[in-house]
Amino acid sequence: MHVYILGGFLGAGKTTLLMKIANELINKGKKVVALVNEVGKVGVDGITIKSGGYTTVELPSGCICCTLAGSLQENFVQIKQQYCPDVVLIEPTGIALPHRVMEIVKLIENPEIIKIFGVADVPRFDLFVSKKKDFYLRQLAHSNLLILTKIDLAKEGDIEKIQKWFAKEVPGVDLVPVCSNSDNNMCTIFKEMKQ
């Protein structure tokens, strides 16, 4: 089983990215399950993903890397038994630390591949760096791949500036600028998944 964790702040584009990835994998004949976590009682992202026809398991009302760690373990075991998926795509809440989610998954299951895709968006990059830099880095620093979304909204020089910042702050991790809506550069992510 392959497990991919899409981490990043609320609104970074994780759900759109997850559906694009799921669609690509399903078209290749893979059995895919999305495990979606949200802080609130109503899972908007889960509803969105389910409405796209994807197999989805929701963990609402808490964060899977802390208050819902036990629920993550239980649901992961159920997912494996009920669906026997080739791939599990995990979308934690926007306040989660993806590396903690990875540690919990490794306690339950030793996946053939487990990777963190850190998701950051162009329009709010400056805001997060100025207001939440420490948390932003903690959330993205353990990523195997950094994905910069919403590049269609970038102003001149934005992408280069963000690439330089990540190269300095998270050295050695590739950053892929994408536009999920137009599929711009999505092939790079699919190659990274080795499916």
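How does Cys-187 count in terms of burial: buried, partly exposed or exposed? At 44% relative accessibility, Cys-187 counts as partly exposed, because that value falls between the limits of 20% and 50%. Cys-179, by contrast, is buried, with a relative accessible area of 6%. A search of the whole structure for disulfides returns zero. Please keep in mind throughout that this is a predicted model.

Let me turn to the fold. Seven strands make up an open sheet, and their order is E3-E2-E4-E1-E5-E6-E7, with parallel pairing. The edges are taken by strand E3, residues 56-59, and strand E7, residues 175-177; each has a single partner strand, so one side of each is left without a neighbour in the sheet. From one strand to the next, the twist averages 20 degrees.

Within this sheet, I would draw your attention to E5 and E6. Strand E5 covers residues 113-121 and strand E6 residues 145-149, and the two pair in the parallel sense over five bridges. Here Phe-117 stands opposite Leu-145 in E6.

Two helices that pack on the sheet deserve mention. Helix H4, residues 98-108, touches strand E1 (2-7), strand E4 (87-91) and E5, and its direction makes about 165 degrees with that of E5. Helix H5, residues 125-140, touches E1, E5 and E6; the corresponding angle between H5 and E5 is about 170 degrees.

Helix H4 contains His-99. This histidine is buried, with a relative accessible area of 16%, because the limit for that class is 20%. What is His-99 in contact with, once its neighbours within four places in sequence are left aside? The contacts are Ile-116, Arg-138 and His-142. His-99 and Gly-7 are 92 residues apart in sequence, yet their C-alpha atoms are 8.9 Å apart in space.

Finally, the aromatic residues. The count comes to eleven aromatic pairs. One of them is formed by Phe-9 and Tyr-136, at 6.1 Å centre to centre with 25 degrees between the planes. Why is this pair called stacked? The planes are under 30 degrees apart, and therefore the pair falls in that class. The pair links distant parts of the chain: Phe-9 sits in the loop between E1 and helix H1 (14-27), whereas Tyr-136 belongs to helix H5, 127 residues apart. Both residues, Phe-9 and Tyr-136, are buried. They also belong to one aromatic cluster, together with Phe-125, Phe-128, Phe-135, Trp-165 and Phe-166.

Notes
Residues numbered from 1 in each chain as written. Predicted model: local features only at pLDDT ≥ 70, side-chain atom pairs only at ≥ 80, totals over all residues. Heavy atoms only, no water. Pairing = 2+ DSSP bridges. Helix = DSSP H or I, 4+ residues; strand = E, 2+ residues; numbered from the N terminus. Axes fitted to C-alpha atoms, helices over the stretch in contact; angles between N-to-C directions. Contact = heavy atoms within 4.5 Å. Phe/Tyr/Trp six-rings, centres within 6.5 Å; stacked < 30°, edge-to-face > 60°. Buried < 20%, exposed > 50% of the residue type's maximum accessible area, 1.4 Å probe, protein only. Disulfide = S-S within 2.5 Å.
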